[in-house]
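My entries follow in the order I made them.

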Amino acid sequence: MRSHLALLGAVTLAAGALGGPAFATGAADKGRTVVADSVVSPGRSLGAAPAGAVEHFIVTFALRDQAGAEAFVRAVSDPTSPQHGKFLSPAQFTERFAASKPDIDKAVAWLRSQGLQTGAVPASRSYVQVSGSVAQVNKAFGTRMQRYLRNGHVVSAPARSVTVPSSVSGVVAGVIGLDQSRILHTTNTHTDEPTAQRSAAAKTLSALGARPNATSGASDACSSYYGQYHLPNIPNAASPLKGVQPGSLCGYTPQQVRAARGMTASNTGQGMKVGITLWCNDPRIEADTNKWANTLGFQPLRTGQYKVIEPDLGYNPLYCDNQGSGGVNAEQALDVQSIHGAAPDANIIYSAASAPLDNALITSMYKLVNGNQVDAISDSWGGSESNDPITNGAYSRLFMQAAAQGISVLFSSGDYGDNTNGDQSTTAPSADYPAANPWVTAVGGTSLATGDASGSKVLFEQAWNTSSDLQQNDAWSGWQYRYGGGGGVSQYHAEPYYQQGVVPTQFTGADPHRVYPDMAGIGDPYTGYLIGFHDATTGNNFSLEKIGGTSWSSPWTAGTLALVGKRVGFLNPAIYGPGHAGLTDIKGNAMTHGFEYKTSGTIATVGINSQQVQDQTLVSQPGYDDMTGFGVPASTSAFVNALR
């Protein structure tokens with residue numbers, strides 16, 4: 001592992017009681033402009049940050065022609081426009097829309113005049129890496145850096161608004177990295193089944209193709225398909241489910257998912273490149289992916305098919321280590337092996353960030369976009385939408401540049417529905433971010449059941465929205481929300497042009513705002529996808545494990561885009577247009593299917609599509625809904641052909 005040379009942070013927000021930002025008081029001094037409002041950071045204040053401590057952050061630059069960039073992205077992404085598909089190179093985008101070089105030079109000169117050190121400005125003129133002492137930061141930005149104790153870590157954050165002189169405020173859009181209090185998270189999910197039931201290795205690692213599938217009935221074995229087995233001596237499931245429900249699935253193989261989606265041997269993604277952004281890097285992932293593929297009888301990676309771009313400043317040891325990948329190597333494996341499963345011949349480029357912080361991930365994505373290295377990018381991470389205003393459009397600028405170049409940017413929509421934990425009476429709904437940004441395609445989740453070992457027979461596909469009920473003293477204790485695909489309405493982004501007149505007001509609200517997700521893919525961890533990686537929870541040995549979440553939905557969808565054979569750019573205008581990009585609508589809100597399994601000697605019932613036993617805001621219904629958007633690429637050929 002490369003040595004860590006910089007402790008990177010993120011300018012962030014803490015959610016207030018009503019889900020909005022909790023801003024600290026204080027206006028800009030005369031002749032200065034606020035570029036990042038200060039936020040009351042969570043944690044106990046430890047007083048002023050030491051004057052000599054070094055801070056590392058990025059300063060982002062505004063587009064010279066924001067309106068022009070938006071108009072171009074709308075035209076180039078509109079299937080009915082003469083400009084559709086006529087994408088720009090990074091240099092062309094910069095020349096037409098980015099801040100001028102003299103303006104950038106002026107801003108950088110001001111930063112250096114304050115004693116701050118600056119790195120090289122990328123060719124896109126989008127940001128610059130900056131470092132300096134706390135004393136220099138306080139003086140340059142008119143703020144006051146403080147230290148806080150949060151979750152056992154000492155972090156720094158500005159205690160008052162971050163400002164710049166009006167002379168550079170037209171080009172400096174934001175300062176991202178001074179507040180280290182908000183940590184982003186991944187969107188993969190394990191079930192609460194015992195590890196022995198989640199791990200195919202504990203069942204039959206020798207040959208998953210030889211998993212019993214000729215018989216059905218009562219068995220302790222995991223099932224190759226939905227309904228193959230149910231546990232012996234199991235009671236009827238909790239109401240409203242009827243009768244005994246099927247037992248746990250072993251987890252789908254890539255061959256089964258490809259069959260369920262109608263992918264053929266000729267659908268391989270040859271010549272296409274798919275990118276991933278995430279923090280940290282497990283150097284064993286390539287070898288683990290090949291072992292996973294060989295174990296499952298799937299195509300391994302070719303030499304050079306998988307590439308890692310490491311962060312310029314190394315990895316932050318608070319979050320990353322060489323072997324465990326900071327605890328996110330399961331996510332890294334899921335991303336890589338989902339893309340490879342959908343597009344086995346597509347190249348994969350993993351752009352690693354130094355830490356789970358906004359500035360680190362923004363710079364890691366810019367490496368893919370500025371280099372024009374990929375055709376689509378999957379991002380299985382996020383956090384509270386309350387961060388959006390503080391980044392002052394940095395994400396939107398990045399996503400618009402990607403769209404202008406024809407790079408599709410997908411985000412997992414989250415794994416906890418509307419974030420009320422199934423009880424909106426006690427917790428207000430809140431959006432996930434960047435999934436709620438209007439310039440990305442947010443991918444929600446579904447529960448898919450196959451009826452044979454090949455995967456080609458699909459029994460049903462419903463919105464992923466899971467509740468469970470435990471049997472105690474021969475009685476069911478009551479349904480509890482477990483997880484489900486993220487969705488909802490943005491607090492900060494108005495209804496985008498492509499949703500106007502298309503999405504019902506029941507979702508956008510009387511004052512219409514951006515609603516997500518836009519589409520969905522398979523995500524339910526109770527059916528799950530088999531991945532292979534070194535799991536620290538099982539002695540850091542290689543194992544196959546069933547996993548899910550919209551961290552499965554997004555990369556599999558990104559891999560599916562590679563099957564189009566060319567860049568398709570920003571997907572949403574096609575999704576919300578006639579034909580909805582060949583997606584299949586997911587509808588229905590009745591809980592009619594589930595699972596039963598044993599956990600610590602207790603019988604558990606899991607309800608699939610359990611909206612009727614929850615008190616949350618998301619619904620599944622015909623047409624657009626905030627659980628699955630306009631649906632799933634149930635027919636890969638219909639989806640791919642609609643985008644060609």
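Entry 1. I checked R182 and D358 for burial, and both are buried. The two residues form a salt bridge, with 3.1 Å between the closest N and O atoms. I note that this is a predicted model. I then looked up where the partners sit in the chain. R182 is in the loop between β9 (172–176) and β10 (185–186), while D358 belongs to helix α10 (residues 358–370). The pair links distant parts of the chain, 176 residues apart.

Entry 2. I went on to D345, which forms a salt bridge with R302. The closest N and O atoms of this pair are 3.6 Å apart. Are D345 and R302 buried or partly exposed? D345 has 15% relative accessibility and therefore counts as buried. R302 has 34% relative accessibility, so this residue counts as partly exposed.

Entry 3. I looked up D518 and R514. Their side chains meet in a salt bridge, at 2.6 Å from N to O. Both D518 and R514 are buried. For the whole structure, I recorded 8 salt bridges from the search.

Entry 4. I turned to the packing of helix α1 (residues 66–77) and helix α2 (residues 90–97). Their axes are 9 Å apart, and the helices pack at an angle of about 140 degrees. How are α1 and α2 oriented to each other? They are oblique. On the α1 side, G68, A69 and F72 make the contact. On the α2 side, the contact residues are F93, R96 and F97.

Entry 5. I followed up L149, which I found in strand β6 (residues 145–150). Its relative accessibility is 32%, so L149 counts as partly exposed.

Technical notes: Residues numbered from 1 in each chain as written. Predicted model: local features only at pLDDT ≥ 70, side-chain atom pairs only at ≥ 80, totals over all residues. Heavy atoms only, no water. Helix = DSSP H or I, 4+ residues; strand = E, 2+ residues; numbered from the N terminus. Buried < 20%, exposed > 50% of the residue type's maximum accessible area, 1.4 Å probe, protein only. Axes fitted to C-alpha atoms, helices over the stretch in contact; angles between N-to-C directions. Parallel < 35°, antiparallel > 145°, perpendicular 65-115°, else oblique. Contact = heavy atoms within 4.5 Å. Salt bridge = Lys/Arg side-chain N within 4 Å of Asp/Glu carboxyl O.
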